[in-house]
Amino acid sequence: MEPPLEQYVDALKEIGSIGIGNAVTALAHFLSIKVNITVPKAMFVPIEGIFDVIGNVEAPAAAVVQRVEGDLSGTLMFFFPKQNALELVTRLLEAPPGSIQEIDEMGQSVLMEVGNILTGSFLTAISGMTRLTIVPAVPMFTFDMLGSIISSSLLCTGMVEDIVLLIETEIFAEEHLVSGDFAFFFDVGSLGTLFKRLGL
Amino acid sequence: MFETARKLGLNGVLEIQVGIAEFKVGREPLVIVTLGLGSCVGVTLYDPYNRVGGLLHVMLPRVADFTKGVSKPTKFADLGIPILLKEVLKMGADRRFLEAKIAGGAQMFTGADNKFQLNIGERNVEAVRETLKALAIKIVAEDVGGSRGRTMMLHTVTGRVVLKMLGSQVKEI
């Protein structure tokens with residue numbers, strides 16, 4: 001771990017909170033329900049330790065993954081455990097409860113749309129606050145074991161560093177019937193620009 | 001800070017876990033496990049006579065393809081496999097008997113973003129094959145490609161490699 005980076009963790013948590021707050025407001029609006037979030041965790045994690053931090057890596061999850069480039073680069077990820085993903089799709093399609101058991105193409109595009117809204121509002125908040133240019137790529141969808149999703153999405157362009165910065169929040173609504181995780185893996189190399197802009 | 005996860009498996013055999021870009025070696029009766037192989041590739045080297053083996057979780061193909069990130073050589077197929085080899089030999093394996101098994105290299109995502117994907121899974125598999133060939137180690141079994149993630153387990157008593165995938169039966173290679 002790199003101690004000099006640790007001093008920035010509070011600032012990063014703050015940024016995470018603002019971004020996530022914005023995203024969750026958008027989600028609540030979309031679903032017309034009250035959505036809660038936990039206080040974001042921000043931490044520097046060596047790549048070999050990611051699975052220990054995330055936990056539950058063999059569990060099936062639906063994930064929307066989006067690469068972000070520009071002044072700030074990294075990988076944004078929303079993941080929902082299978083049951084929660086099904087619940088979310090059921091609600092958004094206004095299907096009878098229990099009628100959707102698998103995530104088909106329709107379900108996929110619904111979840112991608114949700115992911116889009118969340119990542120879009122997260123990034124808007126961050127770029128508004130920092131005046132940094134952030135360019136999101138096309139979001140991607142996958143349904144698999146959580147660990148495989150995470151390791152593969154970190155492999156994208158540029159994400160070859162030994163340590164990643166992870167900002168993570170749990171999102172939940174209606175007594176955890178709808179809940180998921182939001183994670184932003186920053187490329188540590190791009191953090192300098194962010195700190196400079198924030199005057200840190 | 002991040003302790004290697006150690007636990008006793010179902011039959012009381014010690015299991016050790018290998019993180020991303022890490023490797024572990026050991027002798028029987030140990031089970032070496034890596035979770036979350038998506039486009040990453042798991043490489044096992046095993047000596048059936050001395051019952052010594054190791055497992056490496058490769059993330060990227062060749063160090064020369066990247067401008068940064070050399071600080072952790074076990075991320076790369078071309079640098080990591082020779083390190084794994086050195087360590088299993090140190091543990092008592094005999095090079096003449098070493099067999100390799102590989103799994104992973106999936107294409108996980110649906111979506112149109114080619115820049116993101118870069119066929120990294122395929123390139124990882126290819127780099128692993130070439131590196132093993134250059135070291136004159138035979139690949140005796142493999143389960144690569146596709147679109148699903150895998151969990152890979154090496155049983156050092158038998159050399160069996162067990163693979164778990166979502167929505168399919170446990171598979172042995």
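Y49(B) is exposed, with a relative accessible area of 63%, where exposed means over 50%, buried under 20% and partly exposed in between, using a 1.4 Å probe on protein chains only. The residue sits in the loop between β5 (41–47) and β6 (52–58) of chain B, and its C-alpha atom is separated by 9.9 Å from that of V157(B), which lies 108 residues away along the chain. This is a predicted model, in which local features need pLDDT of at least 70 and side-chain atom pairs count only at pLDDT 80 or more, while totals for chains, interfaces and linings use all residues. Side-chain values use heavy atoms, with hydrogens and water left out, residues are numbered from 1 along each chain as its sequence is written, and chains are lettered from A and ligands numbered from 1 in the order in which they are written.

- Beyond its neighbours within four places in sequence, L12(A) is in contact (heavy atoms within 4.5 Å) with residues including A42(A), F44(A), L165(A) and F195(A).

- Helix α4 (residues 82–92) of chain A has buried residues N84(A), A85(A), L86(A), L88(A), V89(A) and T90(A), and what covers the buried residues of α4(A) includes α2, β3, β4, α5 (105–130) and β8 of chain A.
- Just after α4(A), E94(A) takes a positive phi of about 55°.
- In strand β6 (residues 140–145) of chain A, 6 of the 6 residues are buried, so the strand is largely enclosed by the rest of the structure.
- β3(A) and β6(A) pair (at least two DSSP bridges between strands) in the antiparallel sense over 6 bridges, and M140(A) in β6(A) is the bridge partner of V65(A).

Technical notes. Helix = DSSP H or I, 4+ residues; strand = E, 2+ residues; numbered from the N terminus.
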